[in-house]
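These are my notebook entries on a few things I looked up in one structure.

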Amino acid sequence: MSGRSSLVFITATWAGDLDHFRVMRHSFERSQLAGFDHYAIVQDEDLPLFQEFRGRPGLTLLSTKDVLPELVERRRVRARRLSDRFGRDFTRICGSLKRKLSWPLWPSYTGWHTQQLCKLKLASELDCDAAIILDSDVLVTPSAVAGDFLSDSGAVCFAEWRSRAQLEGKVKNWVVESERLVGADYSADPVNVYFDTPFVLDRGLLVSALTDLERNAGKSWWFALLDRPPRRWSEFGFYKAYLKYRVPEGAVEWREPLFFRYVYDTSNPQRVIETVGKMIGDPSVHYVTIHSQASGRENWNSQAYLKPLLSLLNRGN
């Protein structure tokens, strides 16, 4: 890879992840990656909440209205309103109906789905060699370097390999649906089950993948994805399947994510602070994901550890 825009970073976020995004952005600014452009795509109605980040060096704030096709954005707004009005359980039930009956349409346009479209669309359009997807719940440590995403031997794709027989739940669905999307005529084994971020999207290969999808589906690639059953497809799964089945083997470096760490249980804030504090000081750790999936499902107060972590990062100046 070469050129002045070899890497860019992309985060798709929303109001529910504002506090996590604040910590992530502070960590990014204090890392060796701070010189790279960072694009944050915020759901349009939530954009006013992110104004504190306006004008930060290297950061470009975009709304979903800036990125998504007009019809997709309109349907996203409607899906958000319905989901907010009727709640998580209603949305889940409607999603199940959509998978079985192809109706109603709106569950396919919720934020989880449209965030994936935002990542793919912006990554395919920016003037760069590769776009690094960085979710709001990732903390970047001082040991992170651009070389984590670069290779002289091919496009980098992080990989954790698992036997196909071990796949279950959402990961199995993502893998199977992704293989259908790329028209795979055989089932490789083992399977790459890495679906976390940071995630590397090689722009040239991504454009080829989206072009192939449009040609095979006979429609815009975003509608080809949105037509699939809700929660059954994954933007990362689709891209990985394209690399596996449609790209010559030597063109991809499948890299083990040895310098990533994860915090899943945030029920004890002090333990989270101590654990992440140690990870920040460990040169073998470059990225720490503090998973926020429990938000809305467990009575875990993220502010109890996010605010102290923000202070910890600020003390490191």
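Predicted model: local features only at pLDDT ≥ 70, side-chain atom pairs only at ≥ 80, totals over all residues.

Entry on α5 and α7. With that definition in hand, I looked up the crossing of α5 and α7, which is left-handed. Helix α5 covers residues 111-125 and helix α7 covers residues 203-217; their axes come within 9 Å and cross at roughly 120°. Angles of 65 to 115 degrees count as roughly perpendicular and those over 145 as roughly antiparallel, and α5 and α7 are therefore oblique to each other. On the α5 side I find Leu120, Ala123, Ser124 and Glu125, which meet Arg203, Leu206, Val207 and Leu210 of α7. Sorted by class, the contact of α5 with α7 comprises five nonpolar, one polar and two charged residues.

Entry on α6 and α9. I then turned to helix α6 (residues 169-181) and helix α9 (residues 235-246), which pack at an angle of about 55° with their axes 8 Å apart. The crossing of α6 and α9 is right-handed. Ser178, Glu179 and Leu181 of α6 make the contact with Gly237, Phe238, Ala241 and Tyr245 of α9. I count these residues by class as four nonpolar, two polar and one charged.

Entry on the cysteines. Why does the structure hold zero disulfides? The sulfur of Cys128 has its closest cysteine sulfur in Cys157, 16 Å away, which is too far for a bond, since a disulfide needs the two sulfur atoms within 2.5 Å. Cys128 is buried, with a relative accessible area of 9%, and Cys157 also counts as buried, at 1% relative accessibility.

Entry on Gln43. Where does Gln43 lie, and is Gln43 buried or exposed? I place Gln43 in the loop between β2 (38-42) and β3 (59-63), and at 5% relative accessibility Gln43 counts as buried. Leaving aside neighbours within four places in sequence, I list Thr13, Trp14, Thr64, Arg76, Arg80, Gly111 and Gln115 as the contacts of Gln43. I also looked up Leu62, 19 residues from Gln43 along the chain, and the C-alpha atoms of Gln43 and Leu62 are separated by 8.7 Å.

Technical notes. Residues numbered from 1 in each chain as written. Heavy atoms only, no water. Axes fitted to C-alpha atoms, helices over the stretch in contact; angles between N-to-C directions. Helix = DSSP H or I, 4+ residues; strand = E, 2+ residues; numbered from the N terminus. Left-handed = near helix turned anticlockwise from the far one by under 90°. Contact = heavy atoms within 4.5 Å. Nonpolar A, V, L, I, M, F, W, Y, C, P; charged D, E, K, R; others polar. Buried < 20%, exposed > 50% of the residue type's maximum accessible area, 1.4 Å probe, protein only. Parallel < 35°, antiparallel > 145°, perpendicular 65-115°, else oblique.
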